[in-house]
Amino acid sequence: MPTPPDPERPYSGPVLEPVRVLRPRRFDALAELMREMETGPAQTAPTDEEETRELPPVPPAPATSRPRRVAVAGFVAAAALLGFGCALLLTGRQEATATPPPHRPATTAPPAATPAPTPTASPAPTAATDPDGPGTLRQGDTGPEVTELQQRLLRVPDVYHDGSTSGTYDANLAAAVARFQLWYGVSGDETGVYGNDTRRALESRTGSGDDS
């Protein structure tokens, strides 16, 4: 045990200051105390004896519960059969309405007989309707006009050489007319047809007086 210093002897060491000892406070314990005060006393965990306690026996079902179950099952089955029958009935009605009724031909009155059109005589072709002009001569024609044409062609060299003057427009005369049209550039008439253009070109080269 240390001896206290002599009061008469001066202390030559450092000056000692008082030391304060602080005790730490448990804030967790205080918080738990406040929590217990707010929520009430903590519930204790169940013991092993309480966990192994047997449950009370289930009372037996009354005797009337089984007939009631049978009645409920029968009611459900009857409702299902009724719904199925209604569905079949509705389906049959829909098919009946969807099927179109048989088509009945409409009775119409027979059409009145229309009179047959009377044939109208077509107008005879005239010289004015000829595309080559009036007085046109072609193969198959006969007469004095054909004879005059043959005589005029004989005056043109090598066009209708040794040709006939019988007054018949044959194939030889048609070839001579076509040859004249080709050589002298006549294009207003059909080939081998003696029309207005061919007539003017031939008369301008053979004269328009009497050929006798």
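Colleague: Which residues is Tyr 160 in contact with, leaving aside its neighbours within four places in sequence?
Modeller: In this predicted model, Tyr 160 is in contact with Gln 150, Leu 153, Leu 154, Asn 172, Leu 173 and Ala 176, once neighbours within four places are set aside. Contact here means heavy atoms within 4.5 Å.

Colleague: Where is the place of Tyr 160, and is Tyr 160 buried or exposed?
Modeller: Tyr 160 sits in the loop between H4 and H5. Its relative accessible area is 3%, so Tyr 160 is buried. Buried means under 20% relative accessible area, exposed means over 50%, and partly exposed lies in between, with a 1.4 Å probe and protein chains only. Helices (H or I, at least four residues) and strands (E, at least two) are DSSP runs, numbered from the N terminus.

Colleague: What separates the C-alpha atoms of Tyr 160 and Asn 172?
Modeller: They are separated by 8.4 Å, with the two residues twelve apart along the chain.

Colleague: A change of topic: what pLDDT does the protein chain average?
Modeller: The average is 74, and 54% of the residues score at least 70. pLDDT is the predictor's confidence in each residue, from 0 to 100. Over residues 123-127 the pLDDT is below 50, and this stretch has three contacts in the model beyond near neighbours in sequence.

Colleague: What conventions apply?
Modeller: Residues are numbered from 1 along each chain as its sequence is written, and side-chain values use heavy atoms, with hydrogens and water left out. As this is a predicted model, local features need pLDDT of at least 70 and side-chain atom pairs count only at pLDDT 80 or more, while totals for chains, interfaces and linings use all residues.

Colleague: Back to the helices. Which residues are buried in H5?
Modeller: Leu 173, Ala 174, Ala 176, Val 177, Phe 180 and Gln 181 are buried in H5. They lie on the same side of H5, because they cover an arc of only 160° around the axis; the arc is that of the directions from the helix axis to the C-beta atoms.

Colleague: What do the buried residues of H5 pack against?
Modeller: They pack against helix H4 (144-155) and helix H6 (196-206). The buried residues of H4, in turn, pack against H5 and H6.

Colleague: Which residues touch the most other members of the largest nonpolar core?
Modeller: Of its 17 residues, these are Leu 149, Leu 153, Tyr 169, Leu 173, Phe 180 and Leu 202. A nonpolar core is a set of buried Ala, Val, Leu, Ile, Met, Phe, Trp, Tyr and Cys residues joined through side-chain atoms within 4.5 Å. H4, H5 and H6 are the elements that give two or more residues to this core, and H5 gives the most, with five.

Colleague: And how many aromatic pairs does the count come to?
Modeller: The count comes to one. Phe 180 and Tyr 184 form a tilted pair, 4.8 Å centre to centre with 35° between the planes. Rings of Phe, Tyr and Trp (its six-membered ring) pair if their centres lie within 6.5 Å; planes under 30 degrees apart count as stacked, over 60 as edge-to-face and the rest as tilted.

Colleague: Are those two buried or exposed?
Modeller: Phe 180 counts as buried at 1% relative accessibility, whereas Tyr 184 counts as partly exposed at 32%.

Colleague: Finally, what does Gln 181 touch?
Modeller: Not counting residues up to four places away in sequence, Gln 181 touches Val 186, Asp 189, Glu 190, Thr 191, Gly 192, Val 193 and Thr 198. Gln 181 is buried, with a relative accessible area of 5%.
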